[in-house]
Amino acid sequence: MNLKCEIKSEYSDIIFKNFPGETVITAVPADISDGRYTDKGMVVTTEKHLIYIKDEENFTAYSISECKEFKSEVMVGQGSLEIIKDGGDIEVCRFSMDYMAKHSAVCKELNKAIKGESADFSNSDPERRCEKCGRILPEGTRVCIKCINKRDIFKKLVKLVDRKYVPSIALCLFIMILTSVLSLISPYLYRILVNNIFIPGTADYGLFAGLIAGMVALQVVIVGLGILRGIVMTKVSNGISHDLRTLVFNKIESLPMAFVSTKKTGDLMHRVTSDTDRIRQFVQNDLLNLISQIITMISVLILLFVMDYKMALYILLPVPAMMCALWFFRKKIRGIYRIQWRLSAKADSILQDIISGIRIVKAFGKEKNEIVRYKKASRDFAERNIYNEKLWALITPILHFILSFGTYLIYLSGGQHIISGRSNIGELIQFTSYANNIYSPLGFMIHLPKLIANTAAAAGRVFEILDEESTFKEAEDPQSAENIKGEIIIDNVSFGYKSYLDVLKNISLHVKPGEMIGLCGHSGSGKSTLINLILHFYEPESGEIYIDGVNIKDFDQDQLRSRIGVVLQETYLFTGSIRDNIAFSKPDATDEEVIAAAKIANAHDFIINFPDGYNTRVGERGQNLSGGEKQRIAIARAIIHDPKILILDEATSSLDTDTEFLIQEALARLVKGRTTFAIAHRLSTLKNADRLLVLDHGKMAELGTHEELLSKKGVYYNLVMAQKKMTRLSE
């Protein structure tokens, strides 16, 4: 579904009469007029005009060729469509935020058109929809969970099974067939036992002992085969589960930040652990039972029809009614477990969020509030689970009751045969025993929709990750980044995390190898976003970034990032030793290299004061260290692999004044010969940068040295003065 949409016939008449020969390209609702909601407003784009139709009688048209720029601006609770012309800005209309993304997409394509660039309106709908049901897809995915075909899901699962498991699976199938055949012998032995032993005056103690011994031996063999099958399938199912977890995790690792950032940590963890475990249970238990029950049912049916086809038909008489009941409940069953999983994932995400931020929770004394928040999420999940189980508690007895009619028909017909002398008690017992082997699989079939729905939902969520296409297309012949020098060209780059809100606008910059660029600007001006683009965490919406004349997209991405040292604003240390964290970017680093990096980062002195030195465990997220200590370890981590490009995002933000001075000296030595981008909240720390890039609302406001920008008395000057004023106030 794209931006083209149906418009009212009277609106079509307006276009036809007033703009003859022009074709409607896009039509997007403008649902706010005179401060009120309306269902009449619409913005129509043709090849030559942008037309705002207020209602059936009022419209305003603007010639696209006379416009300089089209903008969609975020207002308070609504959006505004504006046109920039020689005479000034013109507000065309207003609309609710529901249509903000679409209007923004139209504006971007129109701006391309007026610049003479190729515009493609057919693909400009930012709301990706399912091709089958038309629902808007969740952000960050191209998979519609509701429309996933269960058959396709299980085909995909089969394709994921490694060939090394095939012999074990074949062995299990053989064991199941053999077990099914052996289980057919017992009812025959019961028949002999009843007819030849239990009838007074016909007892043969030798035969009696032989039958009992045979039954025991048969059961021992069946139990032994079951144990063997269980052991083999446990290994197979856990192996498949391990492969699947690894596959999902590897896929998550390979997906761009644009995807990962739209998912909650608890949600992703749920897919890697709980969903793959549900698939394991299905493979290990449910699937084997299904195959075993089908084999048993087919074998028994053949025997029953050979013995007495009329009585065999009685067994099957309730089956159509049971299938109709299952079909009736099918749609209900399909959705209930999707809702249950969503609530479970929500509860897990809240729990993960609370535990991760437990210090903040305790610092503000909000334990009770968070308990209430998690309790509500957990209660919602529990209530949905109770509802689902109640539904099954209703469905299952009804279906079993329907099946039980077959047993009554067998007793009725079999009893008549015994009374008339056409058969004996042993034959009836044998027949009913086989009949029970039919009803057991049918009873399992009652629970099958629940098992399949639950597993399909879990597998669907797993394949949502596995089928996700990366927005980053790897170069067919990636360039080596091993010997890059560090020249960076940012060519007219624009980017926004949301399609309708640009964070960076038309940024252009040429950075020479070894040059240090300081990034300045108010919070939210786009400094960290620019760094994210240089790291290729995100793709620019327009423009390109080059390193040594090569487009950043054309490099081997892993190799490129291995040549970039990073100290991000959010310092993250992994659970492990201090040495492990410093050597994270270079696992094969020697102790001498680790210590040298720590000394440059001014971390060595405090590390050796710990009882275990470099082997000190830092705990989760480095909780045993102060903010300044964590920051210095992060700097050492960036230093150790000798990067050609260095990214410092608030690298000294957690340091006291004395330590910051020492770090600045270390960084001054570190940045020599390296292309460096540095963000610092203390502007004085950037005065030694070769150039300062000042960003203001995503645009490049100023560029120059510290002294040059101060002399201009522009944005940078105001920032410095404001910071000096705050410093004096704090003294």
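Reader: Why is Asp34 called exposed?

Author: The relative accessible area of Asp34 is 69%, and exposed means over 50%, buried under 20% and partly exposed in between, with a 1.4 Å probe and protein chains only. Asp34 is therefore exposed. The model is predicted, so local features need pLDDT of at least 70 and side-chain atom pairs count only at pLDDT 80 or more, while totals for chains, interfaces and linings use all residues. Residues are numbered from 1 along each chain as its sequence is written, and side-chain values use heavy atoms, with hydrogens and water left out.

Reader: Where is Asp34 placed?

Author: Asp34 belongs to the loop between strand 2 (32-33) and strand 3 (36-37). Strands (E, at least two residues) and helices (H or I, at least four) are DSSP runs, numbered from the N terminus. Phi of Asp34 is near 55°, a positive value in a residue other than glycine.

Reader: Why is His536 called buried?

Author: Its relative accessible area is 2%, and the limit for buried is under 20%; His536 is therefore buried. His536 sits in the loop between helix 14 (527-534) and strand 13 (542-547). Phi of His536 is near 60°, a positive value in a residue other than glycine.

Reader: What makes Leu313 partly exposed?

Author: Leu313 has a relative accessible area of 43%, which falls between the 20% and 50% limits. Leu313 lies in helix 9. Leu313 and Leu409 are 96 residues apart in sequence and 9.8 Å apart in space, C-alpha to C-alpha.

Reader: Which residues of helix 9 are buried, and how do you know on which side they lie?

Author: In helix 9 (residues 309-316), the buried residues are Met311, Ala312 and Ile315. They cover an arc of only 105° around the axis, so they are on the same side of helix 9. The arc is taken from the directions that run from the helix axis to the C-beta atoms.

Reader: What span is expected of helix 4?

Author: The expected span is 1.5 Å times one less than the number of residues. Helix 4 (residues 166-183) has 18 residues, and its expected span is 26 Å. From first C-alpha to last, helix 4 reaches 26 Å, close to that expectation.

Reader: Which residues of helix 4 are buried, and which are exposed?

Author: Cys172, Ile175, Met176, Ser180 and Leu182 are buried in helix 4. They cover an arc of only 160° around the axis, and therefore lie on the same side of helix 4. Pro167 and Phe174, on the other side of helix 4, are exposed.

Reader: What makes a space a cavity?

Author: A cavity is a set of points, on a 1 Å grid over the protein atoms alone, where a 1.4 Å probe fits but cannot get out.

Reader: Which residues line the largest cavity?

Author: Lining residues have an atom within 4 Å of a point; among them are Thr26, Val43, Phe70 and His103. Helix 2 gives the most to this lining, with 4 residues. The lining of the largest cavity divides into 8 nonpolar, 3 polar and no charged residues, where Ala, Val, Leu, Ile, Met, Phe, Trp, Tyr, Cys and Pro count as nonpolar, Asp, Glu, Lys and Arg as charged, and the others, Gly among them, as polar.

Note on methods
1 Å grid on protein atoms, 1.4 Å probe; cavity = no way out; pocket = protein on both sides within 12 Å on 5 of 7 lines; lining within 4 Å.
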